[in-house]
Amino acid sequence: MGVIEMDVLEKFKAAQKQGWAHFAPLESFTTPPAARLVRFAGVRAGQRVLDVACGTGVVAVTAARLGARVTGLDLTPELLQRARENARLAAVQVDWHEGDVEKLPFEDREFDVVLSQYGHMFAPRPEVAIAEMLRVLRPGGTIAFSTWPPELFLARMFALIGSYMPPPPPGVSPPVQWGDPGIVRERLGSAVQEIVFDRDVMDFPALSPQHHRSSTESTAGPVRQLVEMLQPSEPAKLEAFRREYDAITAEYLEDNVVRQGYLMTRATRA
Ligand SMILES: C[S@@+](CC[C@H](N)C(=O)[O-])C[C@H]1O[C@@H](n2cnc3c(N)ncnc32)[C@H](O)[C@@H]1O
């Protein structure tokens, strides 16, 4: 890869880092699925576990409370600060690292379990991210992650946001491809055995579609970035985006809960 392409990717990651800095309040919604992922992966006491793109550490702290020896890594320092506070409150030890899933600062085969909840899917080069996650996993170890399927709520939101944003730089892959079991199988390839899929739903309580949007406009990286881009100079376009957002959300809002379906994948390192 040339210097110019690397520069484009570094700029993309710097923007990601800025975009995710306000995500911490959403941890209350990612906390229940964190426990489901940890159970799905079969995490046990004493195992060495890596939580990739850990955010505020909901998966990492859950695994640590089971007695696992946990490391958490994320691009965004503001979220790691909250992750440290979460570990302190839960009275567990976690080894936190600021870093990039495409360049993990760990030895080959260092972990028994590598996990990522709605995290590694944001790396721009899926083949690089997955190669790194598998490199640090020991043979016979478990890789497990949660991602958003293209046909369900969150991925439809990503598609909507994408339709209002300038196209991503060349070489950046859409995160929601990680929600397609066929693509996941291809990406894991012969490096793993026994791929298992499951699905679950993340609940997001909201009084109205507008309540959901108001929350994500201040917390969720991609929505925040779009609003910041449109607000100063394109109010009509922002209004159109908000109308479309609310219409999609209304399809998933029932009994004051927005139901956000997701895919879980588990496999064993060959
Ligand atoms: C939707 S949040 C999920 C956070 C957390 N896993 C959870 O379930 O609450 C996405 C996370 O991916 C992180 N992220 C994005 N790109 C990354 C990269 N290249 N390397 C490491 N972390 C990354 C962001 O900083 C953010 O914390």
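Trainee: Which element gives the most to the lining of the second largest cavity?
Mentor: We are looking at a predicted model, in which local features need pLDDT of at least 70 and side-chain atom pairs count only at pLDDT 80 or more, while totals for chains, interfaces and linings use all residues. H2, H6, strand S6 (192-205), helix H8 (209-219) and H9 are the elements with at least two residues each in this lining; helices (H or I, at least four residues) and strands (E, at least two) are DSSP runs, numbered from the N terminus. With four residues, the element that gives the most is H6.

Trainee: How many cavities of 30 Å³ or more does the count come to?
Mentor: A 1 Å grid is laid over the protein atoms alone, and a cavity is a set of points where a 1.4 Å probe fits but cannot get out, whereas a pocket is an open set with protein on both sides within 12 Å along at least five of seven lines; lining residues have an atom within 4 Å of a point. Grid points are joined across faces, edges and corners, and a volume is the space filled by probe spheres set on the points. Counting cavities of 30 Å³ or more by this rule gives two.

Trainee: Which residues are the closest to the centre of the second largest cavity?
Mentor: Let's start with its size: this cavity holds about 240 Å³ of space. Its lining is made of 20 residues, and those closest to the centre are Leu 26, Trp 148, Leu 154, Thr 216 and Ala 220.

Trainee: What is the volume of the second largest pocket, and which element has the largest share of its lining?
Mentor: The volume is about 160 Å³, and the lining includes Glu 27, Thr 31, Val 58, Arg 65 and Asn 86. Helix H2 (27-40), helix H3 (58-65) and helix H4 (77-90) each bring at least two residues. The largest share, four residues, belongs to H3.

Trainee: Which residues are the closest to the centre of the largest cavity?
Mentor: That cavity has a volume of about 430 Å³. It is lined by 28 residues, and Phe 122 is among those closest to the centre. H1, strand S1 (48-52), H3 and strand S2 (69-74) each supply at least two of the lining residues.

Trainee: What is the volume of the largest pocket?
Mentor: Here we turn to an open space, and the residues are handy guides to it. The volume of the largest pocket is about 810 Å³.

Trainee: Which residues are the closest to the centre of that pocket, and which element gives the largest share of its lining?
Mentor: Of its 30 lining residues, the closest to the centre are Phe 12, Gln 16, Met 165, Pro 168 and Pro 222. Helix H1 (3-19), helix H6 (153-164) and helix H9 (221-230) are the elements that give two or more residues to the lining. The largest share, six residues, comes from H9.

Trainee: What percentage of the 270 residues in the protein is buried?
Mentor: When you look each one up, residues are numbered from 1 along each chain as its sequence is written, and side-chain values use heavy atoms, with hydrogens and water left out. Across the 270 residues of the protein, the buried part is 53%.

Trainee: How many helices and strands does the protein have, and what box do its C-alpha atoms fill?
Mentor: The secondary structure comes to ten helices and eight strands. Taken along the principal axes, the box filled by the C-alpha atoms is roughly 55 × 50 × 35 Å.

Methods. Buried < 20%, exposed > 50% of the residue type's maximum accessible area, 1.4 Å probe, protein only.
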